[in-house]
Amino acid sequence: MRSAIIGFVLGVVFLQSQAVLPAIWLLACLALVVVLLVCAAYKIPCWQLKFAARLLAGVVCGFVWAASFAHHYLQQELAQEWEGRDVVVIGTIDSLPSYMDSGVRFNFAVEKVLLQGGESPVIPKRLALAWYRNGDESQAPQSGLTPGARWQLTVRLKRPHGSANPHGFDYEAWLLERKLRATGYVRADQGASSGNRQLQPFVISPGNLVQLMRSRLRERILAALPEHRYAGVLVALAIGDQRAIDQSDWEIFNRTGISHLVAISGLHITMIAGLFAAAMAALWRPSFFTNAALPLLLPTPKVAALSGALAALSYVLLAGFGIPAQRTLYMLLVVALAMWGGRIASVSHVLCIALVMVLLADPWAVLWPGFWLSFCAVGVILYTSVGRRSTTDSLDNSRFAAGWRSLRAASATQYAVTIGLLPLTVLLFGRVSLISPLANAIAIPLIGLIVTPMTLVASALPAPLSNWLWRAAHALVEQLATLLGWLSALPFAVWQAPAPQAWTSALALLSTAWLLAPRGWPLRWLALAGWLPLLLDNGSRPPAGEMWVTALDVGQGMAVLVETAGQRLLYDSGPYYSPGSDAGDRIIVPYLKARGITALDALVISHVHNDHAGGALSVMNAVKVGAVYSSLPPQHPIVQAAATHQRCHAGQAWQWGEVKFEMLYPAMEQYQASAAQQKDKPHTVSCTLKVSHGRHAILLPGDIEAAQEQQLVARYGADLKSTVLLAPHHGSGTSSTAAFLEEVDPKIVLFQVGYRNRFHHPKQQVAARYQERAVAGFRNDEGGAILLRFGDNVAVDTYRNQHRRYWYGR
C-alpha cells in the first residue's frame with residue numbers, strides 16, 4: 001500500500017507540471033491500465049516486480065485523478081465575451097469577508113444568473129469579489145455581508161489572471177485550488193430591479209453554519225481587543241484567519257522561524273486533541289465519579305481516542321481546513337479507527353493514509369510549501385525516532401530524571417526537524433532562520449500550551465470572562481513579540497540564499513538523510529560535504545560578454561532589471577497596490593533574493609507616478625542600493641531615503657564593462673521650463689535611459705509622450721536606434737509617434753501593461769503602428785515576465801512560455 005501511495009503522489013506532482021491536460025479518452029485508457037496493474041500486482045510472485053507494479057499503478061492513478069479533478073473545475077469558466085460586462089447574480093457569501101480601507105473582499109457562491117437582455121451568460125459557480133466604497137460608505141455596506149447571507153449583486157467579472165514571474169506567487173493556481181474561476185467587483189446600484197440588495201439574512205447549510213461561527217468568533221475577539229496590535233494573532237489561532245496580522249509582524253515571525261505557530265498548525269491540533277482525550281479519559285475512568293462502571297461498557301482508550309478525534313475535527317473545521325490541519329486530522333482519525341478496530345497501525349501507514357487523503361481532496365496541495373513542510377517534518381521525526389534506541393534511556397525513574405529525558409528528547413526532535421528541513425526550506429523560501437531553534441524553544445510551549453488553550457477556552461465563555469482571558473493571552477503574545485523582535489534584528493538571524501539548482505537540492509537532501517542516520521552509520525560527518533554546493537551557490541549572473549534584461553510582470557506599471565557580469569540596475573519599481581503591499585515587496589524583492597542579488601548598483605525612478613515609483617522604498621529597505629537617479633522633487637521620500645541621489649538629466653553616462661548607459665532626457669533646463677506642467681504631468685520629465693551592448697541597445701523611455709519624443713528625435717536623430725524599445729507610456733495613444741519609431745527602428749517592443757487595464761494600453765492604433773513596422777511585440781499581461789539576453793544577438797522569451805502550465809490563460 002505504501003508503494004502505491006508514494007506512486008500516487010508522484011503521479012499528482014507530474015500532472016501539476018504539465019502544460020496541457022490530457023484528453024478525456026486518454027484518461028479513460030490510463031484508468032484501464034491502473035486496473036490491469038493492480039490485478040498484476042496480486043498475481044506476481046516476485047516481490048520486486050510486485051513493488052514496481054504497485055508503484056506504477058499509483059503513479060498512473062495519481063495522474064488520472066489529478067487530471068480528472070482539473071478537467072472538472074476548469075470547465076467552470078467565464079466566457080471571454082462576458083469579461084468586463086455587467087452581470088446580475090444571486091447567491092450566498094461563502095467565506096469570511098475581509099474588510100479593508102477601500103471596501104471589502106469575499107467569495108460568492110452563485111445560485112442563479114439573471115438574463116441579460118435575452119442573453120444567458122455562463123458564470124462560474126464561485127467568484128472572488130471586491131466591493132469598493134470609492135468614497136461612498138453606502139456602496140460597500142458594513143453589515144449584511146455575513147457568511148451565508150443571500151444577495152443579489154451586479155458584478156463585473158474577468159477570468160483568473162495574476163502576475164507571472166520567476167520565483168513568484170502563482171495567483172492563478174491559488175484561485176484554481178479554491179475553485180474560484182472568476183474575479184471581479186460589485187458595480188454601483190443600477191436600480192431597484194437589478195440593484196445590489198440582501199435577499200435573505202442567512203441560508204442554512206453546514207458550510208454556512210461553520211463560516212458564520214467563524215465570523216462571529218472573529219468579531220468577538222476583535223471587539224474585545226480594540227486597538228490591540230496582536231488581536232489578529234489570536235484570531236489566527238482561533239479560526240485560522242491570518243489577514244489581520246500586520247505585514248511587519250509577519251516579517252518578524254518569518255525571520256525567527258515561528259510563523260507556523262501563528263496559525264492553526266498540526267502541533268496545535270494535536271495538543272488540543274490530546275487535552276480533550278486526557279480530560280475525557282480522566283472523567284470516563286471513574287465513570288464521572290458515579291457507580292455506572294462505564295469502562296466496562298466501553299474501554300477508556302476508545303473513548304479517549306474518539307474524544308480527541310472529535311475535538312480535532314471541530315478545531316479543523318473552525319480553522320478553515322488548511323493543509324497542515326488536514327494532515328493532522330487524517331492521522332488522528334486513522335489512529336482512532338485503528339484503535340476502535342483493535343488493530344495496531346504503524347506510523348508510516350498512518351502518514352501515508354493521511355497523505356493520500358489530502359491529495360484525494362485537493363490534488364493542487366503539492367503546489368504549496370505548506371504541504372511539503374508539513375509531511376516532511378513528520379517524516380523526519382519518524383526517520384530519526386522510530387526503531388532507534390533513545391540515548392536518554394535510563395534506569396533512574398525519578399521525576400527529575402524523567403523530566404530531563406523528556407527535555408533531551410524534545411531537543412533532539414527539534415534538532416532533527418531543523419536540520420532535516422534545511423535543504424527543503426532553502427529550496428522553497430530561499431532563506432533559513434538561524435535563530436529558529438531558540439525562538440521555537442520559547443514560542444512552542446508558550447503558544448501551544450498556554451496562549452492557544454486560553455484563546456479557545458475564552459471562545460466558549462461569555463463576556464466579561466472571555467475578554468479577560470483574551471487580554472491575558474494578548475499580553476503574553478505581546479511579550480513574546482517583543483523578544484522575537486529583538487532576536488530578528490540580530491545580524492545573524494537569517495541566512496539568505498539564492499534559489500538552488502535541482503541537483504544541489506537533491507544532493508543536500510541525500511546528505512541530510514545520511515547525517516541523521518542512526519548512530520554507527522559510517523562516516524556521517526562526511527555528509528556535511530554534500531551541503532557545500534548549496535551553501536556556496538551565489539546565484540546566477542550573466543557570463544562575460546552578455547547582458548540580461550528582465551521586464552518583470554508587475555501589472556500596470558514598469559520595472560526592468562538590467563544585469564551585466566558584475567553590476568545590476570533597476571529601472572522603475574512598479575506600482576503601489578494597497579497599504580503594506582506594493583510591487584517592490586511582492587514581486588521585485590523576492591525575485592532579486594531568489595537570484596542571489598543582495599545589492600543594486602543603480603536605481604532609476606523615471607518619475608513620480610505610482611506605477612513607476614510605488615515599490616521603490618520596499619526595494620531600498622530590502623537590498624543595498626547604490627546611486628539613485630530620478631526626476632523626483634527633493635522632498636520626495638525616495639530622495640530622502642537614498643544614500644546617493646542624482647537628478648537624472650541628459651548627458652549623464654557611465655560604463656560597466658562592455659555595457660554603456662546614457663541618460664538622454666530630460667535636459668536640465670527642462671526641469672525649470674516645465675515646472676508648472678510637472679505638477680500636473682510629471683511624466684513629461686521621465687528619465688529616458690539608453691543601454692548599449694555592442695551593436696545592440698535597449699531604450700527605456702518611461703512615460704514620455706509625443707512632445708518629448710519629438711525633442712529626442714530633434715536632439716539625437718539616428719543615435720536613438722535601439723534593437724529593443726520599452727513602449728513609451730505603456731503604449732498610450734499619446735506616444736510611439738511614427739517619427740520616433742522611424743529613428744529608434746526597434747526590432748522588439750515590450751509592453752509593460754496590466755491585464756484588462758482600465759487605460760486599454762496598448763492602444764490599438766499604437767499596436768498597429770508597431771505591427772506595420774514588423775516589430776515583434778511582447779506583453780507582460782500575456783507572457784508574464786519578459787526575459788532578454790544580449791550577446792551577439794538578442795534572444796527573447798517569456799516566463800509563461802518557459803514555465804507553461806495547463807491553468808494559464810484559463
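These points cover ring pairs, charges over rings and nonpolar cores in a predicted model.

1. Basis. Local features in this predicted model need pLDDT of at least 70 and side-chain atom pairs count only at pLDDT 80 or more, while totals for chains, interfaces and linings use all residues. Residues are numbered from 1 along each chain as its sequence is written, and side-chain values use heavy atoms, with hydrogens and water left out.

2. Ring pairs. Rings of Phe, Tyr and Trp (its six-membered ring) pair if their centres lie within 6.5 Å; planes under 30 degrees apart count as stacked, over 60 as edge-to-face and the rest as tilted. The count by this rule is 19 aromatic pairs. In one of them, F14 and F63, the ring centres are 5.7 Å apart and the planes stand at 35°, so the pair is tilted. F14 belongs to helix α1 (residues 2-15) and F63 to helix α3 (residues 47-74), so the pair ties together parts 49 residues apart in sequence. Helices here are DSSP runs (H or I, at least four residues), numbered from the N terminus.

3. Buried means under 20% relative accessible area, exposed over 50%, and partly exposed in between (1.4 Å probe, protein chains only). F14 is partly exposed, at 46%, whereas F63 is buried, at 12%.

4. A stacked pair. W654 and F661 have ring centres 5.3 Å apart and planes at 10°, so this pair is stacked. W654 is buried with a relative accessible area of 14%, and F661 is buried with 0%.

5. Charges over rings. A charge sits over a ring if NZ of Lys or CZ of Arg is within 6 Å of the ring centre and within 35 degrees of the ring normal. The charged end of K302 is placed this way over W340, 5.7 Å from the ring centre. R800 lies over the face of Y808, with 4.6 Å to the ring centre.

6. Largest core. A nonpolar core is a set of buried Ala, Val, Leu, Ile, Met, Phe, Trp, Tyr and Cys residues joined through side-chain atoms within 4.5 Å. The largest has 45 residues, and those touching the most other members are L15, L176, L359, W364, F371, F375 and Y806. Elements giving two or more residues to this core include α1, α11 (323-340) and α13 (369-385). Its largest share, nine residues, comes from α3.

7. W364. Ring pairs join W364 with W65, F69 and Y73 in a cluster. Beyond its neighbours within four places in sequence, W364 is in contact (heavy atoms within 4.5 Å) with residues including Q16, A70, L176, K179 and Y806.

8. Second core. A separate core of 39 residues has A231, V235, L237 and L484 among its members.
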